[in-house]
Amino acid sequence: MTSPVRLALLGCGTVGAEVIRLLHEQSADLAARVGAPLEIAGIAVRRIGRDRGDLPVDPALFTTDALGLIKRDDVDVVVEVVGGIEPARGWLVEALRAGKSVVTANKALLAEDGGTLHDAAAEGGGDLYYEASVAGAIPLLRPLRESLHGDRITRVTGIVNGTTNFILSAMHATGAGFAEALEEATELGYAEADPTADVEGFDAAAKAAILASLAFHSRVAAADVHREGITEVTAADVASAKAMGCTIKLLCIAARGADGQGREAVSVRVHPAMIPVTHPLASVGDAFNAVFVEAEAAGQLMFYGRGAGGAPTASAVLGDVVAVARNRLAGVRAASESAYADLPVRPMGEALTRYHISLDVADRPGVLESVAGVFARHDVSIATVRQGPAAGAAGAAGDAVLVIVTHVAPDAALAATVQQLRGLDIVRSVASVLRVEGGL
């Protein structure tokens, strides 16, 4: 074997600690796969004296000087599992411009300013790998940027946040409301003390931007992604979905197609949606992730597994480490960023989708005609209508519930329809609005 490939590890939290353990436990196998030993040159942390249990590492390797560690001549690969925008961006740009390869799990940075990292990698000639940034241990990004490079991907639909998937799965299984399901997720360790990034869709939006960038050969940032969370999903919404043979999932959807002027563009969005129970994503439960890819030649592909957690994420990190280490020994680098298509991102209003709308209305003649007239004025076609009595004690005498599912239409037209419905005197309230995906 040749001289060791030396790693600078930035961060020693849950994922960083698992990376260290796997490097120790699988050292012989990893060395055989790479063609040289993998050694840790240093570990940058905020506090050196923190208790890290029985971590199999020399305490002398810890340092608080991340930038100094990166600049060392004996460092070949920088592994970043700190997260956040700064100071991680400065560290990784420094490493890449110096010709060092970088492995990162930092979805927030890649989604906000991945272009800067790719430019720095091109300038320095090193590799930039980030498999762990989207779906934990699931091999997803490399198939998108390598295995499917000879194909044309048309659509990517995914469940990419385990916390929200656990919550919605619990609501579907038990009939619980959002607050109760979130409390259970927190108790079981699936939700953070502050779950905002998950339940409001920020985490999924960052991942959607990364997926769209790779799938459509265009730079897509988190700011380009339409984002809605799951906090407004109610037990009544879940029950209504069940009655239609559906379930509700927080989906990231990235699609390629013509915009309103016939020019090719991409649409990228994250929001809760009803999908039929027959859809492959409907059976993805608990905190698992899954991504459904559609391509012109390959057809439909499904990627499924654990999308988060220390060990699964560390597995993806080490897979990237092996790849970049082999490249360095061979004197080559991986294919650079592919953003040649440079497709614009369509506004959400142009996205084609369907709505499930639940209205509390006055139960009298002419109501359905008035409601249907609003849909017609916005060129929105109605697929199905269900009417029933107002539910529970809150429903006043003479009121009814009207549930309408539309055909496909631009989201702007659907939203304008709902807005006008709110103004009708016969509509007591718009109880619920959810998008419908998956061919119901």
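Residues are numbered from 1 along each chain as its sequence is written, and side-chain values use heavy atoms, with hydrogens and water left out. Because the model is predicted, local features need pLDDT of at least 70 and side-chain atom pairs count only at pLDDT 80 or more, while totals for chains, interfaces and linings use all residues.

**Exercise 1. Describe how helix α4 packs on helix α5.**

Step 1. Find the helices. Helices are DSSP runs (H or I, at least four residues), and strands are runs of E with at least two, numbered from the N terminus. Helix α4 covers residues 88-97 and helix α5 covers residues 107-124.

Step 2. Take the axes. These are lines fitted to C-alpha atoms, for helices over the stretch in contact, with angles from 0 to 180 degrees between N-to-C directions. The two axes come within 8 Å and cross at roughly 20°.

Step 3. Name the arrangement. Angles under 35 degrees count as roughly parallel, over 145 as roughly antiparallel, 65 to 115 as roughly perpendicular and the rest as oblique. Therefore α4 and α5 are roughly parallel to each other.

Step 4. List the contact (heavy atoms within 4.5 Å). From α4 come Ala88, Arg89, Leu92, Val93, Leu96 and Arg97. Their partners in α5 include Leu109, Thr116, Leu117 and Ala120.

Step 5. Sort by class. Ala, Val, Leu, Ile, Met, Phe, Trp, Tyr, Cys and Pro count as nonpolar, Asp, Glu, Lys and Arg as charged, and the others, Gly among them, as polar. The contact of α4 with α5 has eight nonpolar, two polar and five charged residues.

**Exercise 2. Which residues line the largest cavity?**

Step 1. On a 1 Å grid over the protein atoms alone, a cavity is a set of points where a 1.4 Å probe fits but cannot get out; a pocket is an open set with protein on both sides within 12 Å along at least five of seven lines; lining residues have an atom within 4 Å of a point. Points are joined across faces, edges and corners, and a volume is the space filled by probe spheres set on them.

Step 2. The whole structure holds one cavity of 30 Å³ or more. The largest cavity has about 50 Å³ of space.

Step 3. Its lining is Tyr129, Tyr130, Glu131, Leu141, Arg142, Arg145, Leu214 and Asp320. Helix α7 (residues 141-147) gives the most, three residues.

Step 4. Four lining residues are nonpolar, none is polar and four are charged.

**Exercise 3. Describe the second largest pocket.**

Step 1. Its volume is about 510 Å³.

Step 2. It is lined by 34 residues, and those closest to its centre are His118, Tyr130, Leu214, Glu337 and Ser338.

Step 3. α5 gives the largest share of the lining, 10 residues.

Step 4. The lining divides into 15 nonpolar, 10 polar and nine charged residues.

**Exercise 4. Where are Pro87 and Asp286?**

Step 1. Most residues other than glycine have a negative phi, and most peptide bonds are trans.

Step 2. Pro87 sits in the loop between β4 (77-80) and α4. A cis peptide bond joins Glu86 to Pro87, with omega about 10°.

Step 3. Asp286 lies in the loop between β10 (264-276) and β11 (288-295). Its phi is positive, near 55°.
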